[in-house]
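Hi,

Here's the model I promised to pass along.

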Amino acid sequence: MNADVTQTAMDLAARDHLVGLAPLIIGLLIVCALIAAVWLGIRVKNREPEPPEPEDQPHLPEEGPTDEIVGNREPDEMPRDGVRRLPHDGVHDSGDREDHPGEPPRRKKWEPGQSGSFGSGGPG
């Protein structure tokens, strides 16, 4: 009986080396894959063209930066002639909208007690 226990212990010890060897091999494979990925990334990066020189960059025009043009247009009104309009149908003449600028929209002013949010003084 003592010999059976010794043989079993030897078999378990032999399997212990295999159990410890599998994670080591998997870890080495992962490390090799990461090293290969970095190497491939460096090769791809070296094939890319160089960044442009400062003189190749776009420059401001000689007259300086351009100003932003702000404008308002009249709202497009739907014709009320009873004809069904589809998205591809034209609603208005396409060329004259910029010839008729509209007035700037009037912003509503804030008045105390009229905010409509919490604490607006309503019942409740």
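Let me start with Asp81, which is partly exposed at 49% relative accessibility (buried means under 20% relative accessible area, exposed over 50%, partly exposed in between, with a 1.4 Å probe and protein chains only). Asp81 meets the side chain of Arg85 in a salt bridge, 3.2 Å from N to O; the term stands for a side-chain nitrogen of Lys or Arg within 4 Å of a carboxyl oxygen of Asp or Glu. Arg85 is partly exposed too, with a relative accessible area of 27%.

Before I go on, some housekeeping: this is a predicted model, so local features need pLDDT of at least 70 and side-chain atom pairs count only at pLDDT 80 or more, while totals for chains, interfaces and linings use all residues. Residues are numbered from 1 along each chain as its sequence is written, and side-chain values use heavy atoms, with hydrogens and water left out.

The structure holds 2 salt bridges. Lys45 is exposed at a relative accessible area of 57%, whereas Glu48 is partly exposed at 43%.

As for the fold, the protein chain has 1 helix and 0 strands (DSSP runs, H or I of at least four residues for helices and E of at least two for strands, numbered from the N terminus). Buried residues make up 2% of the 124 residues. The chain exposes about 12700 Å², and carbon and sulfur atoms supply 58% of that (Shrake-Rupley areas with a 1.4 Å probe; for residues, only the protein chains shown count as cover).

Patches take residues with over 30% relative accessible area and no salt bridge, joining like charges within 9 Å and nonpolar side chains (Val, Leu, Ile, Met, Phe, Trp, Tyr) within 5 Å. Leu21, Leu24, Ile25, Leu28 and Leu29 make a nonpolar one of about 470 Å². Leu29 sits in helix α1, residues 2-47, and is exposed at 57%.

Glu50, Glu53, Glu55 and Asp56 gather in a patch of negative charge (Asp and Glu count as negative, Lys and Arg as positive, with His and the chain ends not counted; a charge is placed at NZ of Lys, CZ of Arg, CG of Asp or CD of Glu). Glu50 is in the segment after α1 and is exposed, at 69% relative accessibility.

Cheers
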